[in-house]
Amino acid sequence: MSVLVVGLSHRTAPMALLERVSVTGDALVKLLHDVQRDPAVAEAMVVSSCNRVEVYAVVDRFHAAVNGLSELLGVHSGVPLDQLSAHLYVHYEDRAVEHLFSVAAGLDSMVLGEGQILGQVRSALRLAQEEGTLGATLNDLVQQALRVGKRSHAETGIDRAGASLVSVGLTLAERVIGPVGDRTALVVGAGSMSSLSAATLQRAGVTDIVVVNRTHERAVRLAQAVGGRAAEFGELAAELDRADLVISCTGATDLVITADMVPAREMFLLDIALPRDVDPAVRDLPGVTLVDLESMQDGIADADTDDGGRAEAIVSVREIVADEVAAYLSAERASRVTPTVVALRSKAADVVEAELGRLVSRLPELDGRARDEVTQTIRRVVDKLLHEPTVRVKQLAQSPAGDHYAEALRELFNLDPKVPAAVRCADVEKEVGR
């Protein structure tokens, strides 16, 4: 079994395509289960964010799995596979591990170093756990990726040098409407990105913050957290008429803000939703500036003119990722040989017990003390004989071709292939139960 990643992101696909492929809510759950039902897939997790959709899977057949996952992304998005495949990337085994660690560390984000991706990976992990599509392999891998992400932010300046999408958006807004501190800001939505938006506005000195959300109770909680006020969703048009700065990030599948709702005056709208919340037609209104994820790609480079130690931090994070990938792969390869070592020791123990049984039947006159001494002696001899090869095979298993040593051990000692598999399954059940 090996880890496979099939996906697309802002690096490989236009935002219009990402918008079509993006999945949330019940659609995300359905995709997750459809992936796991693929005959080549044993475990599955889907990361779907504002700038990436990636399927992580543990598979036993590479080509069959790539074809199956690509087709599922096409079916769920409604994008013909011949159009979608040009934008898909595939990472397998070592490259899959490196990719996930880089994603968690913020190295693959639209804004390098942004920390929101950690929460998105964590949410994907939690959903896969709740839906029962995760096993020990993906669970261990993703948990380690989250640790790598935390370490990258704790040990480097990547989170200070890199800004979030919201911070970049505010930088662009100030170029249009001036300092935002004395402006009226409207946040549409009350999810994680909207919470980040409201908190970022508060840190920027904005005191007049209004939150609108379909579920009014959530809008009230968020507004109270940042010293703002909440408005009913039906009052959105009226609040747009009063706002100078609007940040929208809902989970809606249809447009939330249409052109007829936006006043024709100086106003800045930041749409960080995928699919988009704001009708692109608002750009035609006099005085109105709309920045969405697609246009933000061009603005990010301009907003980051001051390096602020960013290049040095990125180098440090890449070194952390490289070290963590090497350590993970080494440990993972070593763990693969453990079931074979257990099977070898189990077979040796069976041989010892069988021979002791024969000895006792042939020498019934042996007293208990002599029998115990013989038993301990035979077991010590077997343990000493097995110690060196088992220790050595664990060391050799950490190399890229380590699986061959476990195979050689099984062949040399004629081990039942079902025994290592049974040990591995027991480990999986223990981990999932935990």
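**View 1. The N-terminal end of helix 15 is capped by Asp-367.** In this predicted model, a side-chain oxygen of Asp-367 lies 3.3 Å from the backbone nitrogen of Arg-369, and in this way Asp-367 caps the N-terminal end of the helix. Helix 15 covers residues 368-396, and its 29 residues, taken at 1.5 Å a residue, should span 42 Å, which agrees with the 42 Å that separates its end C-alpha atoms.

**View 2. Helix 15 bends at His-387.** The bend at His-387 is about 30°, and a proline, Pro-389, follows within four residues. Among the residues of helix 15, Thr-375, Leu-386, Thr-390 and Val-393 are buried. In an α-helix there are 3.6 residues a turn, so residues three or four places apart point the same way.

**View 3. Phe-101 and Tyr-328 form an edge-to-face aromatic pair.** The structure holds 2 aromatic pairs, and in the one formed by Phe-101 and Tyr-328 the rings are 5.9 Å apart, centre to centre, with 75° between their planes. Phe-101 lies in helix 5 (residues 94-104) and Tyr-328 lies in helix 14 (residues 310-362), so the pair ties together parts that are 227 residues apart in sequence. Both Phe-101 and Tyr-328 are buried.

**View 4. Val-206 is found in the loop between helix 10 and strand 6.** Helix 10 comprises residues 192-203 and strand 6 comprises residues 208-212, with Val-206 in the loop that lies between them. The relative accessible area of Val-206 is 4%, and because residues under 20% count as buried, Val-206 is described as buried. Leaving aside residues up to four places away in sequence, Val-206 touches Val-180, Gly-181, Arg-183, Ala-185 and Leu-201. One of these, Val-180, is 26 residues from Val-206 along the chain, yet the C-alpha atoms of the two are separated by 6.3 Å.

View 5. Along its principal axes the C-alpha trace spans about 105 × 45 × 40 Å, and the radius of gyration of the protein is 28 Å, whereas a compact globule of 434 residues would have one near 22 Å. Of the 434 residues in the protein, 47% are buried. When contacts with a separation of 6 or more are considered, 67% of them are accounted for by residues 24 or more positions apart.

Definitions and conventions. Residues numbered from 1 in each chain as written. Predicted model: local features only at pLDDT ≥ 70, side-chain atom pairs only at ≥ 80, totals over all residues. Heavy atoms only, no water. Helix = DSSP H or I, 4+ residues; strand = E, 2+ residues; numbered from the N terminus. Expected span 1.5 Å × (residues − 1). Bend = angle between axes of the 7 residues up to and from the residue. Buried < 20%, exposed > 50% of the residue type's maximum accessible area, 1.4 Å probe, protein only. Polar contact = N/O pair within 3.5 Å; in protein donor to acceptor, adjacent residues only side chain to side chain. Phe/Tyr/Trp six-rings, centres within 6.5 Å; stacked < 30°, edge-to-face > 60°. Rg over C-alpha atoms; globule rule 2.2 N^0.38 Å. Contact = heavy atoms within 4.5 Å.
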